[in-house]
Amino acid sequence: MNSCVFTFGLNHHSAPVAIREKVSLGPESVRPAIDAIRSTFGKGLEETAILSTCNRTEFYCSVNSVMSDDLLNWMADYHALSPEVLKPHLFQLKQDQAVRHTFRVASGLDSMVLGETQILGQMKKAVAAADEAGSLGSVLHQLFQKTFSVAKEVRSQTAIGSESISMAAAAVRLCERVFGDIHDCRVLFIGAGEMIELCAAHFSGHQPKSITVANRTQERAQVLASQYNGDTLKLADLPDELHKFDIIVSCTASSLPILGLGLMQKVIKERRHQPIVMVDLAVPRDIEPEVASISDIYLYTVDDLGVLVQQGEYSRKAAVVEAEQIIDSRVQNFMHWMQSRSIVPLIKDLNMNAEALRQIEMEKAMKQIAAGESVEMVLDRLSKSLTQKYLHAPMSLLNKSNTSEREQLLAWVPKLFPSQQDKTNH
């Protein structure tokens, strides 16, 4: 049975953050998920890779059959959810649509921030994890190699990434809506990953009063804070120190919220209701959504920032058109490769049968020569015998076919058996 490229999952187009965080997989959870889905579907699912970010949890697969309902039920069961919770948000794509989606994701065309580059690195990490898990085969290996090539081509030949408003820059803008400018603001970053590094760079450019980094690993917090003459804070000290900060940006890998309603009620009371802007870039969320109900706390999620980012994308529509044209062309190339793979076994069988026939006739000829027959006569007989046997099957099929079948076969004969004149012309 031929393999089929298949993609399923959910992302910021199909699901809000409240749903995405329920199926999000941290780096340490990807391998168990790959093992689980392969164990469940066996040979029906030959290869798989998982891309899980704050905006998407998507599976890229090579399958022998499309198992729509089975995949939905597996995903729901794996995350201990009801299928009805996920069904309205789950998307499934196959063959050229799945390939196009993969190319668009890597090229930044499917991101909240149009043209952003972070997603390409995340996809490369996802592929490396799948390779380490032993779940990459010839189809996905070829798909992702082509994907990375297409992403590079799109970024080098179009202006898709120029003047893009990043999530970090959008966070600064939201803070400026509340404070006017942030020169007098004390900023706290919780986490020290790539997204927090981007935010720290953008916020420091606006010269806030102070920058502090709180992280599970103190050494990493110190490295980031030192770049901006900032301070560090232990996570355990957060409850006693939060009231000192005007802006709190959080993005950790915690599976549960680290800042809750009760704590933030206490904090805002200690601040005598001076406003706080809280930006939660984590999925699953670091800050309980109920915190938004507190007066004087302005809580923004990754989806809120996405809305702001998309407002500045109209100027890059021409670049999008160019990028889509590149992707469409490369999708056709990949699908041609997929189709050519399906005839490889047939070509091998044809070659094996032809070789077996050649060997039989060659043995006959060698025996005849050994018996003293003329080499010229033996070679003449050999060539005639091979020609007759090669042509026997198609000639027999032509003679036995009905009128409509014969017309179709006659149309293919010149292509399968071009004349000497045709060969000379080409």
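Student: Which residues does Ser-24 touch, not counting residues up to four places away in sequence?

Tutor: In this predicted model, Ser-24 touches Ser-52, Thr-53, Thr-57, Val-283 and Pro-284 when residues up to four places away are left out. Ser-24 itself lies in the loop between helix 1 (17–23) and helix 2 (27–41).

Student: Why is Ser-24 called buried?

Tutor: The relative accessible area of Ser-24 is 17%, and a residue counts as buried when this value is under 20%, so Ser-24 belongs to the buried class.

Student: What kind of peptide bond joins Val-283 and Pro-284, and where is Pro-284 placed?

Tutor: The bond between Val-283 and Pro-284 is cis, with an omega of about 0 degrees, and Pro-284 is found in the loop between strand 9 and strand 10. Most peptide bonds are trans.

Student: What is the phi of Ala-80, and why does Ala-80 count as exposed?

Tutor: Ala-80 has a phi near 55 degrees, a positive value in a residue other than glycine, although most residues other than glycine have a negative phi. Ala-80 lies in the loop between helix 3 (68–78) and helix 4 (83–86), and because its relative accessibility is 70%, where exposed means over 50%, Ala-80 is classed as exposed.

Student: How do you know that Arg-272 is exposed?

Tutor: The reasoning sets 74% relative accessibility for Arg-272 against the cut-off of over 50%, so Arg-272 counts as exposed. Arg-272 sits in the loop between helix 12 (261–270) and strand 9, and its phi is positive, at about 55 degrees, although it is not a glycine.

Student: What makes strand 8 and strand 9 a pair, and in which sense do they run?

Tutor: Two strands pair if there are at least two bridges between them. Strand 8 (residues 247–250) and strand 9 (residues 276–280) have four bridges, so they count as a pair, and the sense is parallel. Within this pair, Ile-247 stands opposite Val-277 in strand 9.

Student: Which sheet holds these strands, and which strands are called its edges?

Tutor: An open sheet of six strands has the order 7-6-5-8-9-10 with parallel pairing. Strand 7 (231–233) and strand 10 (297–301) are called edge strands because each pairs on one side only. Helix 8 (residues 167–179) packs on the sheet and touches strand 8, strand 9 and strand 10, its direction making about 165 degrees with that of strand 9. Helix 13 (residues 302–310) also packs there, touching strand 9 and strand 10, and its direction makes about 75 degrees with that of strand 10.

Student: How many residues has the largest nonpolar core, and which have the most contacts inside it?

Tutor: The largest nonpolar core has 62 residues, and Phe-8, Met-123 and Phe-144 have the most contacts inside it. Its largest share, nine residues, comes from helix 14 (residues 317–342). A second, separate core has 37 residues, including Met-112, Ile-211, Val-249 and Tyr-300. In soluble globular proteins, nonpolar side chains tend to be buried together.

Definitions and conventions:
Residues are numbered from 1 along each chain as its sequence is written. This is a predicted model: local features need pLDDT of at least 70, side-chain atom pairs count only at pLDDT 80 or more; totals for chains, interfaces and linings use all residues. Side-chain values use heavy atoms; hydrogens and water are left out. A nonpolar core is a set of buried Ala, Val, Leu, Ile, Met, Phe, Trp, Tyr and Cys residues joined through side-chain atoms within 4.5 Å. Buried means under 20% relative accessible area, exposed over 50%, partly exposed in between (1.4 Å probe, protein chains only). Helices (H or I, at least four residues) and strands (E, at least two) are DSSP runs, numbered from the N terminus. Contact means heavy atoms within 4.5 Å. Axes are lines fitted to C-alpha atoms, for helices over the stretch in contact, and angles run from 0 to 180 degrees between N-to-C directions.
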